[in-house]
Structures are given as C-alpha cells and as structure tokens.
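I opened the model and kept notes as I went. These are my entries, in the order I looked things up.

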Amino acid sequence: MNYSYRNLFDLHPDVATFLDLGCGRGFVSLYAAARGLTVDAVDIEKETPASLDGIPSVTYMVADLKDWKPTKRYDIIVIHHSLQFLTKAYALQEFLPTICQALNPGGVLEIFTFTPEETLSVPTTYTLEEVRDALGELTIIEQKTYSYDGTHRKVGPHTFHELHVIAKKSL
Ligand SMILES: C[S@@+](CC[C@H](N)C(=O)[O-])C[C@H]1O[C@@H](n2cnc3c(N)ncnc32)[C@H](O)[C@@H]1O
C-alpha cells in the first residue's frame, strides 16, 4: 500500500496534539514531534522506545490499552496495528467510542488493523463495517481493505490482510 504520514497531518492544518496508541518503536510519534506537535505515546512495553527517549515534546506512557482511558483531548489519534490485541467487544463498544470522545473538534483518527481474511494467528480481527460503526458520529474520510505481500518477522513471506480507516470529528 502506498502510505505516507504526511497525508494524515495534511488533514488537520491546525494540529498541535497527537496521541499514538500502541506506539511500538514510536516512528509516527517521532515524525509528529519533528513537526512540532506535543505527543503522548502509549504502549504496554516498559521501556521507552529509543527513538522517543529524551525528546521533550514526547510523553511516553506505559499502559495496557485494555484499561487505559485518555485524560486529555487530541487533534490526531492513531491506532496503528494495536487494536488487534483488544477483545472485539471491548474495542468496539468501549475503547473506540472513548477514543472518539478524546478527539478535539476537527480532530482526526486513523486506524490500521487486520481483517478476518488474515491467516496469522491475530487475537482479534475486524471488518471494515465493525470499525466504521464503532466510530459513531465521526465522518469517514478514508476506508478500505487491502492485501499485500510482505515479510513477517516470524513466519517469513506472508500475504497480509488489513484495513485502513481515517475519520474526522466535526468542528
Ligand atoms: C504490531 S506493533 C505496532 C507498533 C506501531 N504502532 C506500528 O504500527 O509500527 C503493536 C504494539 O502494540 C503494543 N501492545 C500490544 N498489546 C497492547 C496493550 N494491551 N496495551 C498497550 N499496547 C499494546 C505492543 O507492545 C506493540 O508495541
């Protein structure tokens, strides 16, 4: 898939605050910080990712998304390849609605996750309709499912099946 972080940031001209849920090595957070945003990055891993360590505009928070709730509002929130670790009922009925509430007016939410076609043993997969329906009043800007051939760090060559959603809160 042809993907660039830049497109996401272009959707919100006045963006100032950024939340990265399940940030992993923190690359999208690093990109946001380099653009001058104030960033909160959340992951279950205890150690701050090396890419984010020592960056004053980034707050790294160790938390389990299964029971973490935002205490602030944000202009952009990303959930990149971490929704699959939550149970479906919790993700769709509690987590995503709570995250939508944590968007500022005009705020943008981006989700990448796996679809039911995925053959890796992913804890939870989602259809596009399930994710879209959990986003309530947000306006869907981008929605697609796609497959691509890549390399999985454990199984090697693999065809991945994923979905991508971008949604925006009204002003
Ligand atoms: C596949 S990685 C994705 C990392 C990054 N978002 C990306 O797209 O490159 C999934 C991340 O979610 C984190 N994670 C898994 N379960 C989690 C949980 N229950 N709460 C918080 N983070 C979790 C993992 O530690 C890992 O860093």
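I began with helix 2, residues 27-34, where V28, S29, L30, A32 and A33 are buried. Buried means that 20 or more other C-beta atoms lie within 10 Å of a residue's own; exposed means 12 or fewer, partly exposed is in between, and C-beta atoms are placed from the backbone. Helices (H or I, at least four residues) and strands (E, at least two) are DSSP runs, numbered from the N terminus.

I noted that this is a predicted model: local features need pLDDT of at least 70, side-chain atom pairs count only at pLDDT 80 or more, and totals for chains, interfaces and linings use all residues. Residues are numbered from 1 along each chain as its sequence is written.

Next I asked what the buried residues of helix 2 pack against. They pack against helix 1 (5-10), strand 1 (17-21), strand 2 (38-43), strand 3 (58-62) and strand 4 (74-80). Contact means C-beta atoms, placed from the backbone, within 7 Å. After helix 2 comes G36, with a positive phi near 95°.

Then I looked up the largest nonpolar core, which has 41 residues. Such a core is a set of buried Ala, Val, Leu, Ile, Met, Phe, Trp, Tyr and Cys residues joined through C-beta atoms within 7 Å. L21, A41, I76, I77, L109 and V131 touch the most other members. Strand 4 gives the most to this core, five residues. I followed L109: beyond its neighbours within four places in sequence, its contacts are I77, I99, C100, L103, L138 and A167.

Last, I checked R153, in the loop between strand 6 (139-152) and strand 7 (156-168). Why does R153 count as exposed? Because R153 has 6 C-beta neighbours inside 10 Å.

Terms used: Contact = placed C-beta atoms within 7 Å.
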